[in-house]
Amino acid sequence: RTFTEHYRCYPVSMLPGNERENVNFGGKIILPQSALVKLASLNIAYPMLFSLTNETHARHTHAGVLEFIAEEGRVYLPHWMMQTLLLEPGDLIQVKNTTLPLGSFVKIQPQSVDFLDITDPKAVLENALRNFSTLTQGDIIMINYNNKLYEILVMEVKPEGNGISIVETDLEVDFAPPVGYKEPPKPIQAPASSMVQFIKPGSSEIHY
């Protein structure tokens, strides 16, 4: 028994009530109350993970769920997820519960060299990933640090496949060089000394 529903999707910025800008920098969606009732009746195990599909463009990703406070018939997504799925506000999206393997490894690539300006990028990324339940290979997620936005490509995940769960798992993170990064030029070596070593005739002293 599976949970499969179609909803009109909207960016989180259009959710009525308090502004929830932080939801844009995570991987969780907001569903209506009726979804929780149905999921509970199906005994869907926690953490609840979902496959999201734009059937018109054959694009899909994965997500966790943050809350069940959306209006009936609607689902709210982070902005980056709308972009990934090529969705416009009001488009139909399929939401289906799924299970994903616990992730052990992810390779990511910042989409700007600005990411190198962060003093401790590994710590920043680990903190940002706490707002995600899943990672899907090929997605470009968005994180916010010091009021600056950074796009991050999920290049590779392990176990190999389309997506992984990162809920309560030790995840090894590998960084690829950011888009636009160029290796610094190697320093030019000073020419070897032209002074010749020689031995003075009739002497054992070495002179330069």
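**Group meeting: a walk through the predicted model**

A word on ground rules. This is a predicted model, where local features need pLDDT of at least 70, side-chain atom pairs count only at pLDDT 80 or more, and totals for chains, interfaces and linings use all residues. Residues are numbered from 1 along each chain as its sequence is written, and side-chain values use heavy atoms, with hydrogens and water left out.

How confident is the predictor? pLDDT, its confidence in each residue from 0 to 100, averages 89 over the chain, and 90% of the residues score at least 70. Over residues 194–208, though, the pLDDT is below 50, and this stretch has 11 contacts in the model beyond near neighbours in sequence. By contact I mean heavy atoms within 4.5 Å.

Now the overall make-up. The chain has three helices and 14 strands; these are DSSP runs numbered from the N terminus, with helices being H or I of at least four residues and strands being E of at least two. Of the 208 residues, 39% are buried, where buried means under 20% relative accessible area, exposed means over 50%, and partly exposed is in between, with a 1.4 Å probe and protein chains only. If we take contacts between residues at least 6 apart in sequence, 77% of them join residues at least 24 apart.

Let's turn to the sheet. In what order do the four strands of the open sheet stand? The order is S9-S10-S7-S12, with mixed pairing. Strands S9 (140–145) and S12 (172–175) are at the edges with a single partner strand each, so one side of each has no neighbour in the sheet. From one strand to the next, the twist averages 35°; for such angles, axes are lines fitted to C-alpha atoms, for helices over the stretch in contact, and angles run from 0 to 180 degrees between N-to-C directions. As a reminder, strands of a sheet pair through backbone hydrogen bonds, either parallel or antiparallel. Here, two strands count as paired if DSSP finds at least two bridges between them.

Going along the sheet, S9 and strand S10 (residues 148–158) run antiparallel and are joined by six bridges.

On to S12: strand S7 (residues 105–110) pairs with S12 in the parallel sense over four bridges. Lysine 107 has aspartate 174 of S12 as bridge partner, and isoleucine 108 stands opposite phenylalanine 175 in S12.

Is S7 mostly covered or mostly open? Mostly covered, as five of its six residues are buried. Helix H3 (residues 121–128) brings its own buried residues, Val124, Leu125 and Ala128. They span an arc of only 95° around the axis, which puts them on the same side of H3; the arc is that of the directions from the helix axis to the C-beta atoms. What do the buried residues of H3 pack against? The answer is S7, S9 and S12.

Now three single residues. Phenylalanine 50, in strand S3, is buried at 0% relative accessibility. Its C-alpha is 5.3 Å from that of alanine 63, which is 13 residues away in sequence. Not counting residues up to four places away in sequence, phenylalanine 50 touches a list of residues including Phe3, Leu31, Leu39, Ala63, Val95 and Thr98.

Methionine 48 lies in the loop between helix H1 (33–41) and strand S3 (49–54). Methionine 48 is buried too, with a relative accessible area of 6%. Leaving aside neighbours within four places in sequence, methionine 48 contacts Leu36, Leu39, Ala63, Gly64, Val65 and Phe68.

Finally, threonine 84 sits in helix H2 (residues 79–84) and is buried at a relative accessible area of 12%. Beyond its neighbours within four places in sequence, threonine 84 is in contact with Arg59, Asp139 and Ile140.

Terms used:
pLDDT is the predictor's confidence in each residue, from 0 to 100.
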